[in-house]
Amino acid sequence: MAAKEKQRVERVLALLDNEYGTEYRCYLNYETPWQLLIATMLSAQCTDARVNMVTKDLFVKYPTLEDFANADLEELEQDIKSTGFYHNKAKNIIACTKKLLEEFHGEVPRDIDDLTSLAGVGRKTANVIRGNIYHEASIVVDTHVKRISKKLGFTKEDDPEKIEFELMKILPEDHWILYNIHIITLGRSICTARNPKCDTCFLREECPGAN
């Protein structure tokens with residue numbers, strides 16, 4: 001990466017830190033690692049706010065991994081229906097929790113290959129777990145990160161995995177987790193998909209994609 005571009009990346013990160021602070025936060029509500037895993041699986045194509053509404057009752061109804069592993073598929077589908085794609089999500093949750101019990105002694109693994117071996121767990125979900133539970137430097141590429149990273153000129157890729165590896169090259173490791181947190185906040189408040197508020201955005205001067 002050219003020195004000029006490296007300096008621009010540093011300025012963007014400094015502006016994000018200044019605006020949003022450097023505290024780690026997770027927008028999904030959970031008490032245990034496996035609850036975060038299930039909540040993240042439910043968050044695919046769904047808002048965190050909706051997932052939190054569903055898991056509030058879900059984790060009371062199914063208080064243990066065993067309860068999920070032994071759940072009735074059709075009943076679980078109805079319990080999570082409002083998160084969308086509930087047929088696949090319910091099937092994956094049951095298969096995932098069974099494997100956690102049978103192969104990982106009920107513990108959510110930290111290794112990315114182990115995590116992605118679980119039903120319904122891709123790199124995005126795995127990196128949410130690694131970052132929030134194990135504090136392993138990891139980049140989560142969700143819709144906000146994909147869209148805004150392209151606007152910032154940090155990537156031209158469309159594939160989330162390729163974007164993840166590109167961002168790993170240009171972002172300092174101590175900002176891998178923070179970048180995701182900051183960009184989600186930015187994407188929900190200022191750089192929205194439909195009507196980005198470019199004229200009031202604090203990154204305007206550093207963003208090639210600003211209108």
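The lining of the second largest pocket is made up of eight polar, three nonpolar and two charged residues (nonpolar being Ala, Val, Leu, Ile, Met, Phe, Trp, Tyr, Cys and Pro, charged being Asp, Glu, Lys and Arg, and polar the others, Gly among them). This is a predicted model, in which local features need pLDDT of at least 70 and side-chain atom pairs count only at pLDDT 80 or more, while totals for chains, interfaces and linings use all residues. Numbering runs from 1 along each chain as its sequence is written, and side-chain values use heavy atoms, with hydrogens and water left out.

The second largest pocket comes out at about 270 Å³. A pocket here is an open set of points on a 1 Å grid over the protein atoms alone, where a 1.4 Å probe fits, with protein on both sides within 12 Å along at least five of seven lines; lining residues have an atom within 4 Å of a point. Points are joined across faces, edges and corners, and the volume is the space filled by probe spheres set on them. Of its 13 lining residues, Met41, Ala44, Lys89, Gly120 and Thr125 sit closest to the centre. Two or more come from each of α2 (33-42), α6 (86-103) and α8 (helices are DSSP runs of H or I, at least four residues, numbered from the N terminus), and α6 gives the most, with three.

As for the largest pocket, its volume is about 710 Å³. Ser43, Asp48, Lys124, Asp142 and Ile184 are the closest to its centre among 30 lining residues. At least two lining residues each come from α8 (123-132), α9 (143-151) and α11 (176-189), with α11 giving the most, six. By class, this lining has 13 nonpolar, 11 polar and six charged residues.
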